[in-house]
Amino acid sequence: MVQVLLVLGAVLGMVGAWLLPYLADLHRAAHVHLAFALGVMPLIMGAMTRFIPVLTRTRAAPRMVEGYAALAWAGGVVIVAFFIFALPEGVRSTAALLALVASSGLAAWQLMRAKGALGGAHPGLRWYVAALGCLAASLLAVLAMSVWPQQMLALKRLHLHLNLFGFVGLSAIGTLQVLLPTAAGRPDPQAATRLHADLPAALGGTVLIALGAAWLPLLSWLGLLLWMMPLGRLLRAWLARYRAQMFRRHGAAPLLAAALAGYSLALVAGGMHGAGWLDATGVAHLFVFSFLFPLVSGAAGQLLPLWLIQIPQAEWHENARRHLTFAAGARAAIFLGAGLLALAGYKWASWLALAALLPFALVAFSLVLARSRS
């Protein structure tokens, strides 16, 4: 049930981040960290604990490893409290240390599992290790803020971009290359080859984007070009093999395809923001509405039934997925449209995004409630 609770926590975190500005005039970082530090970060780490045994063909993760996501969540609670209540700087460092211990421990466990993998680990594991490395580096940037205050703004930008395009981006794109074929019901024989070949460009692009945002904008454009190469290859492969599934009215595949499109849009918008052409708030909303919302609802729509009932019950699982991903094609289009409208400055676009997320949230909570009663 740990992963189930993390899914619900991520949904609540994202909805709460959307709602908080309407309820109180707080520091913008409070609702940003509510979505990411309390929602997305623990969810990704929890999902990793389930995926790594599959990628390495080893036993399930021990309870201690599952606890890393809970430790990261605790760090999220601390950092959100720091921004809401304007607590001392030491609280911010404490939150960063909690998440740093969690990310480092999880990365070490993944590397140990990779060494023990029969026939070698799936190359998707390297994307997870790289993602956790970016998260750790972003947390070190937070710790550096207290000892290098004259670089506060640059370190904030470094922290933000290593998280968005490093931790979240590498984790998501690495997972999507395996998850969409599963949702589509057709394996992708080239996925492992692509993952192995494309990680240097994706990781290098992430580092350049983060350094450019912090200190030298030209590097961000080079990083953007690097990131676009693996994204372009992935999109071409999907259109050639999964075009029909990506444009269905129902199912997880349209949402997962929309997440890829949303991430690509967010990358371009991030580069334009670095050049001073776009507002940071609009870019952040594009990232959340057009990437995170379809990513979480699509991935959870495929995986939540398995996490609720792990024993084989094919009919129950299919019914649950059908309800979770009903009208997914329309919702995917709304997510992408809402992100672009928010980028253009239309504040009411957030209501569109919430309306598209709400059906998934209601079904997810009802499934969890029904399972807890049975």
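In this structure, Gln3, Leu6, Val7, Gly9, Ala10, Gly13, Met14, Gly16, Ala17, Leu20 and Pro21 of helix H1 meet Ala30, His31, Leu34, Ala35, Leu38, Gly39, Pro42, Leu43, Gly46, Thr49 and Arg50 of helix H2, where contact means heavy atoms within 4.5 Å. The residues of this contact divide into 13 nonpolar, 8 polar and 1 charged; Ala, Val, Leu, Ile, Met, Phe, Trp, Tyr, Cys and Pro count as nonpolar, Asp, Glu, Lys and Arg as charged, and the others, Gly among them, as polar. The model is predicted, so local features need pLDDT of at least 70 and side-chain atom pairs count only at pLDDT 80 or more, while totals for chains, interfaces and linings use all residues. Residues are numbered from 1 along each chain as its sequence is written, and side-chain values use heavy atoms, leaving out hydrogens and water.

**How H1 and H2 pack**
- H1 (residues 2–23) and H2 (residues 28–56) pack at an angle of about 165°, with their axes 8 Å apart.
- The two helices are therefore roughly antiparallel to each other, a label for angles over 145 degrees.

**The whole chain**
- The protein chain has 13 helices and 0 strands; these are DSSP runs, with helices (H or I) of at least four residues and strands (E) of at least two.
- The radius of gyration, taken over C-alpha atoms, is 19 Å, close to the 21 Å that the globule rule gives for 374 residues, so the chain is as compact as a globular protein of that length. That rule is 2.2 Å times the number of residues to the power 0.38.
- Buried residues make up 54% of the 374 residues; buried means under 20% relative accessible area, exposed over 50%, and partly exposed in between (1.4 Å probe, protein chains only).

**A buried histidine**
- His159 lies in helix H6 (residues 152–184) and is buried, with a relative accessible area of 14%.
- Leaving aside neighbours within four places in sequence, His159 is in contact with His33, Ser138, Leu139, Ala141, Val142 and Met145.

**Two residues with positive phi**
- Most residues other than glycine have a negative phi.
- Arg57 has a positive phi, near 55°, and lies in the loop between H2 and helix H3 (63–85). Arg57 counts as partly exposed, at 48% relative accessibility.
- Ala327 also has a positive phi, of about 55°, and lies in the loop between helix H11 (314–324) and helix H12 (328–343). Ala327 is partly exposed, with a relative accessible area of 24%.

Methods: Axes are lines fitted to C-alpha atoms, for helices over the stretch in contact, and angles run from 0 to 180 degrees between N-to-C directions. Angles under 35 degrees count as roughly parallel, over 145 as roughly antiparallel, 65 to 115 as roughly perpendicular and the rest as oblique.
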